[in-house]
Amino acid sequence: MNIAVVGLSHKTAPVEVREKLSIPEAQIGETIAQLCGGSYIEEVAILSTCNRLEIYIATSEMQAGVRELMQFCSERSKLPLAELRPHLFILLHEDAISHIMRVAAGLDSLVIGEGQILAQVKKTHKLCQQNKGISRILNRLFTQAIAAGKRVRTETNIGTGAVSISSAAVELAQMKVENLAEQRVAIIGAGKMSRLLVQHLLAKGANQIKIVNRSVRRAEELAGQFPEAKLDLQPLSAMMEAIAASDIVFTSTGATEPILNRAKLEAALAPGQSIMAIDISVPRNIDADVSTLESVRAFNVDDLKAVVAQNQESRRQMAMEAEKLLDEEVESFDVWWRSLETVPTINSLRKKVETIREQELEKALSRLGSEFADKHQETIEALTRGIVNKILHDPMVQLRAQQDIDARRQAMATLRTLFNLEVTEKRSRYS
């Protein structure tokens, strides 16, 4: 039984291709049933996020299983395989194992070390268990990948430090005011950067957030992504009133000229009122002359870039440490997987010894007489089972633990010869 993964991600495919292969959570069950209903795929796990779709399979026929999966991807996306193929990646066994470990650890993410992906891998594991997509092989793989992701986050600092301009802006604001929950925040703009600002602000505890934007519909779309947050939406015509009622202002618009300057702020702010203005736009939304106001603490994108670059470099160093940890996890899984080839021999040995035990027990009980047998059968049954289990325990443990493949196979051959075993390897879901 081998493992393969076929997929695409932000690294291999544009969003217009990724969205064609996206599998909503509501369709996971039927997709698993479809794939497992084929001829060659035994287990399936589907990791579907906005940045990736990865389908992991366990199959005893690697080429045929992958071919079946590729055909599914083509039919799902309604793209000819020749057109879809350049956007897909195919990883087989050890490469597939290593990949899911790296994904869970955040090493394959758009932002190295981001933590959301580990939660998504956990959710995939749970969903595919519920929909009977995974059994012994992929259950073990995802369990170990999740443990590996946790280990990387515990033993390295890869998830710390802002690594985008938006997250750095929020981190800077938090450093300056300590408690964002007490701050009134205004965000000018409703694009992607503003969405990230809202996301990071909410994560840091901010709960008084205004969104000011020229298009109310765009602001509503942004607010719709955070249904539990009570965002106050304002038209651009109310910008100065919103700023005057805020403690922190972030600007993130596509304007090519400054939309805020000293004169506008001076006219809007009450005497003695202070405000923090953080401009993450290029070109700048806030004129440099606002810095001449004593009541305004102003920061622009250049003030944040150095923080981001430093944190990104730090995460790259942490990623190198994480790779060493993941190598250990991959090796651990591989040792377990290779030990599975001992299962048919062990099962055959146990079955043969159990058959002998039952036959000899039946003979002994018949000689002891029905009265004694009826009274003591349960005790004698437990005794003989205990003897068998203790005799078989060491050989089974040693056989599974043998990491030298040739030595393990020689040991299995010896067992089959000595005990005259008939070993049948069934194609099954390890039931």
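**A sheet, its neighbours and the core**

A: The open sheet has 4 strands in the order 2-3-1-4, with antiparallel pairing, where two strands pair if DSSP finds at least two bridges between them. This is a predicted model, in which local features need pLDDT of at least 70 and side-chain atom pairs count only at pLDDT 80 or more, while totals for chains, interfaces and linings use all residues. Residues are numbered from 1 along each chain as its sequence is written, and side-chain values use heavy atoms, with hydrogens and water left out.

Q: What does leucine 138 touch?
A: Leucine 138 touches Ile3, Glu43, Val44, Ala45, Tyr56, Ile57 and Ala58, leaving aside residues up to four places away in sequence; contact here means heavy atoms within 4.5 Å.

Q: Which residues have the most contacts inside the largest nonpolar core?
A: Those are Ile55, Val121 and Leu138, in a core of 64 residues. A nonpolar core is a set of buried Ala, Val, Leu, Ile, Met, Phe, Trp, Tyr and Cys residues joined through side-chain atoms within 4.5 Å, and buried means under 20% relative accessible area, exposed over 50% and partly exposed in between, with a 1.4 Å probe and protein chains only.

Q: Which helix gives the largest share of this core?
A: Helix 13 (residues 301–339) does, with 9 residues. Another core lies apart from this one and has 31 residues, including Ala168, Leu180, Leu201 and Ala219.

Q: New topic: at what angle do helix 14 and helix 15 pack?
A: Helix 14 (residues 343–368) and helix 15 (residues 370–401) pack at about 160 degrees, with their axes 10 Å apart. The axes are lines fitted to C-alpha atoms, for helices over the stretch in contact, and angles run from 0 to 180 degrees between N-to-C directions. Helix 14 and helix 15 are therefore roughly antiparallel, since angles under 35 degrees count as roughly parallel, over 145 as roughly antiparallel, 65 to 115 as roughly perpendicular and the rest as oblique.

Q: What about helix 5 and helix 7, at what angle do they pack?
A: Helix 5 (residues 94–105) and helix 7 (residues 136–155) pack at about 45 degrees, with axes 8 Å apart, and are therefore oblique to each other. Their contact includes Ile97 and Ile100 of helix 5 and Leu141 and Phe142 of helix 7.

Q: Where is there a cis peptide bond?
A: A cis peptide bond joins valine 282 and proline 283, with omega at about 0 degrees, and proline 283 is in the loop between strand 9 (275–279) and strand 10 (296–299).

Q: Is lysine 132 buried or exposed?
A: Lysine 132 is exposed, with a relative accessible area of 65%, and sits in the loop between helix 6 (116–130) and helix 7. The phi of lysine 132 is near 55 degrees, a positive value in a residue other than glycine.

Terms used
Helix = DSSP H or I, 4+ residues; strand = E, 2+ residues; numbered from the N terminus.
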